[in-house]
Amino acid sequence: MRRFARTLVTAALAVAVVGGTAGWASGDSQSAVTGPPPGSAAWRADAAYGRALPDPATATPQEVARFFAGLDDAARAALVRSHPLVVGNLDGAPLPLRYEANRLAVAATGDARFASLAAPGRRILAFDPRGRGQVAEVFGDLEHAAHVSVIVPGSDNDATSYDARRTPHTGPAGMARALRTATGASGAGVSAADGSVAVIAWTGYTTPVGVGLDAADGRLAAAGATRLARFTAGLDAVGAPDPVLFCHSYGSVVCGLAARHTDATDVVAFGSPGMRADTADALHTRARVWAARGPSDWIADVPNVRFAGIGHGADPTSAAFGAHRVPAADVRGHTGYFTPGTQSLAAFAAIAKGEAR
């Protein structure tokens with residue numbers, strides 16, 4: 001009875017903390033964007049030289065890859081022009097086609113919020129304007145990279161804010177640039193000389209807004225995990241190396257739920273409220289699991305419980321969880337893990353290059 005009472009008290013504290021009564025901002029409830037991309041109905045009604053097009057809702061990335069392999073360049077280009085939103089989001093489609101399709105899709109929205117995504121040189125691997133917008137951007141040469149990392153962000157990130165002007169080295173795009181630079185590659189270059197590591201800033205799910213009840217339960221994370229698993233399957237379908245997942249804050253909840261369904265070599269949780277698992281083994285993944293938390297990260301104040309769907313469970317940095325610890329003694333705040341010169345960024349770079357032991 002005493003243990004149950006303590007659980008109730010802890011759960012109540014968790015709700016109070018994430019609900020904003022501890023002084024943090026309470027967020028508005030979000031509706032997860034799921035399912036195939038806009039334009040899928042028109043895509044299914046079309047054909048390429050009399051061939052049925054793969055259903056975005058049911059075709060596997062491998063099936064998509066085989067379909068495009070059977071088309072000539074003219075047919076591929078025609079599909080990009082006719083269905084940019086579908087091709088740009090179709091996991092398993094050739095990477096250059098997705099980049100061009102998303103450039104066209106962004107321009108077609110006519111929405112000033114997304115205009116910068118169509119700037120020359122940007123490699124937008126996914127773009128969905130629904131809701132607050134979702135986007136994935138490649139930094140480096142994904143077609144020839146020996147190593148691939150994927151940044152999975154937490155709350156308050158979407159297609160308009162993921163690369164917003166803010167403190168350097170924060171946000172999905174800032175983290176991706178910092179990581180790629182730390183591996184020895186130039187931040188934006190894609191030459192063969194610096195193409196060893198490609199980093200993808202993946203804002204491919206509906207994130208919570210603020211630190212409210214959406215951030216305390218797993219509803220948005222479960223939807224995001226499905227999308228992340230399919231995204232990584234798409235990388236595999238086009239021959240990319242098995243990725244490292246770098247999972248920040250609520251993004252670590254997404255990664256915890258997706259881990260068993262991906263072929264990731266490593267899963268790195270930092271600033272994590274929990275991964276919806278009691279131990280690293282309970283993630284049921286072959287990936288190595290890493291965890292980091294800085295001394296001034298406010299996430300340490302979030303109770304590590306799960307009760308009635310609220311909370312995300314054990315602290316990944318605890319000894320009992322069993323993850324490999326990433327040094328983070330010099331990290332400041334909740335978003336400072338990719339600051340140049342920090343122990344955490346150096347360790348992240350080693351993991352990204354497959355050199356960490």
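**Close-up views: a helix pair and salt bridges**

The structure holds 15 salt bridges (a side-chain nitrogen of Lys or Arg within 4 Å of a carboxyl oxygen of Asp or Glu). This is a predicted model: local features need pLDDT of at least 70, side-chain atom pairs count only at pLDDT 80 or more, and totals for chains, interfaces and linings use all residues. Residues are numbered from 1 along each chain as its sequence is written, and side-chain values use heavy atoms, with hydrogens and water left out.

**View 1. Helix H4 packs on helix H6.** H4 spans residues 73–82 and H6 spans residues 95–109. Helices (H or I, at least four residues) and strands (E, at least two) are DSSP runs, numbered from the N terminus. The two axes lie 9 Å apart, at an angle of about 30 degrees. That makes H4 roughly parallel to H6. Axes are lines fitted to C-alpha atoms, for helices over the stretch in contact; angles run from 0 to 180 degrees between N-to-C directions. Angles under 35 degrees count as roughly parallel, over 145 as roughly antiparallel, 65 to 115 as roughly perpendicular and the rest as oblique.

H4 contributes Arg-76, Val-80 and Arg-81 to the contact (heavy atoms within 4.5 Å). H6 contributes Leu-97, Glu-100, Ala-101 and Leu-104. By class, the contact has 4 nonpolar, no polar and 3 charged residues. Ala, Val, Leu, Ile, Met, Phe, Trp, Tyr, Cys and Pro count as nonpolar, Asp, Glu, Lys and Arg as charged, and the others, Gly among them, as polar.

**View 2. Arg-103 forms a salt bridge with Glu-100.** Their closest N and O atoms are 2.7 Å apart. Arg-103 is partly exposed at 39% relative accessibility. Glu-100 is also partly exposed, at 32%. Buried means under 20% relative accessible area, exposed over 50%, partly exposed in between (1.4 Å probe, protein chains only).

**View 3. Arg-219 forms a salt bridge with Asp-214.** The closest N and O atoms are 2.7 Å apart. Arg-219 is partly exposed, at 37%. Asp-214 is buried, at 8%.

**View 4. Arg-288 forms a salt bridge with Asp-266.** Here the closest N and O atoms are 2.8 Å apart. The pair links distant parts of the chain, 22 residues apart. Arg-288 belongs to strand S9 (residues 288–292), Asp-266 to strand S8 (residues 266–270). Arg-288 is partly exposed, at 26%. Asp-266 is buried, at 4%.

**View 5. Salt bridges link Arg-122, Glu-137, Asp-163 and Arg-177 in a network.**
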